[in-house]
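Subject: Structure for you to look at

Dear colleague,

Please look at the model before you turn to them.

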Amino acid sequence: MDLPSAPDPLATLMLDGRLPALLTGIVLCGWGAKLYRVVVLAPGILAGVYVGAIAQQLLSYSVTTGLIVTLVLAGMGALVCHFVEGLAIRVAGAGFFGALAWLGWPLLHRGALPFWAPLVASVLGAIVFPYVYRFLLRPITALVGAWSVAWALKRPDSLWMIAGLAVTGTAIQLWLDRGGGGEKPAARSPKVKKGRKG
């Protein structure tokens, strides 16, 4: 009687989803904010490449012209996605701050809500929220990555592990954004002042 063959551990991990979750979590912990930028621009770039390929078939121009057109369309698609993302963040900030003013005013002051309070809060939100969002992007992606790693290691309820990985991931992303790990600029040599010989 033949014994059943042992399951391939790599295939089991892949099918279980733990290995992809582990790798995704590690990438999100260390490079989440940078990866987010790629994810935002990728649809526009892919759409530009796709439209360029269709235009090549319809217009039948040369390979060089097709390459230039495709690059231009991909760049335009990336710019559109960048603009839409920025606009969406500003609109979300305006709505969030406006809602905070509308809900928070009765807690701070008695009387009717002035018409200008939500408007001022919305304008402030549209200006301030993109900076807050960019700052929070690092800890949020690190937290998602930390939870993904914990789930892959079958410890999704370990708050200490998730918190430790999230803090470490946030610190790594901040360090990488500030040029950590790169070559230090060469120290400037002091200038020698030429004195007059007298």
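Which residue with a positive phi follows α5? It is G179, and its phi is near 85°. Please bear in mind throughout that this is a predicted model.

The helix itself, α5, runs over residues 159–177, and its 19 residues reach 27 Å from the first C-alpha to the last, which is close to the 27 Å expected at 1.5 Å a residue. Within α5, the residues I162, A166, G169, T170 and Q173 are buried. Seen down the axis of α5, these buried residues fall within an arc of 100°, so they line one face of the helix. The cover over them includes α2 (18–59) and α4 (116–152), whereas the face of α5 turned away from this buried side carries W160 and V167, both of which are exposed.

The other item concerns the largest pocket, which holds about 280 Å³ of space. Its lining is made up of 14 residues, and of these R37, E85, Y133, R134 and L137 lie nearest the centre of the pocket. Sorted by class, the lining of the largest pocket comprises 7 charged, 5 nonpolar and 2 polar residues. At least two of the lining residues come from each of α2, α3 (63–108) and α4; α2 and α4 are also among the elements that cover the buried residues of α5.

With best wishes

Technical notes. Residues numbered from 1 in each chain as written. Predicted model: local features only at pLDDT ≥ 70, side-chain atom pairs only at ≥ 80, totals over all residues. Heavy atoms only, no water. Helix = DSSP H or I, 4+ residues; strand = E, 2+ residues; numbered from the N terminus. Expected span 1.5 Å × (residues − 1). Buried < 20%, exposed > 50% of the residue type's maximum accessible area, 1.4 Å probe, protein only. Arc of directions from axis to C-beta. Contact = heavy atoms within 4.5 Å. 1 Å grid on protein atoms, 1.4 Å probe; cavity = no way out; pocket = protein on both sides within 12 Å on 5 of 7 lines; lining within 4 Å. Points joined across faces, edges and corners; volume = space filled by probe spheres on them. Nonpolar A, V, L, I, M, F, W, Y, C, P; charged D, E, K, R; others polar.
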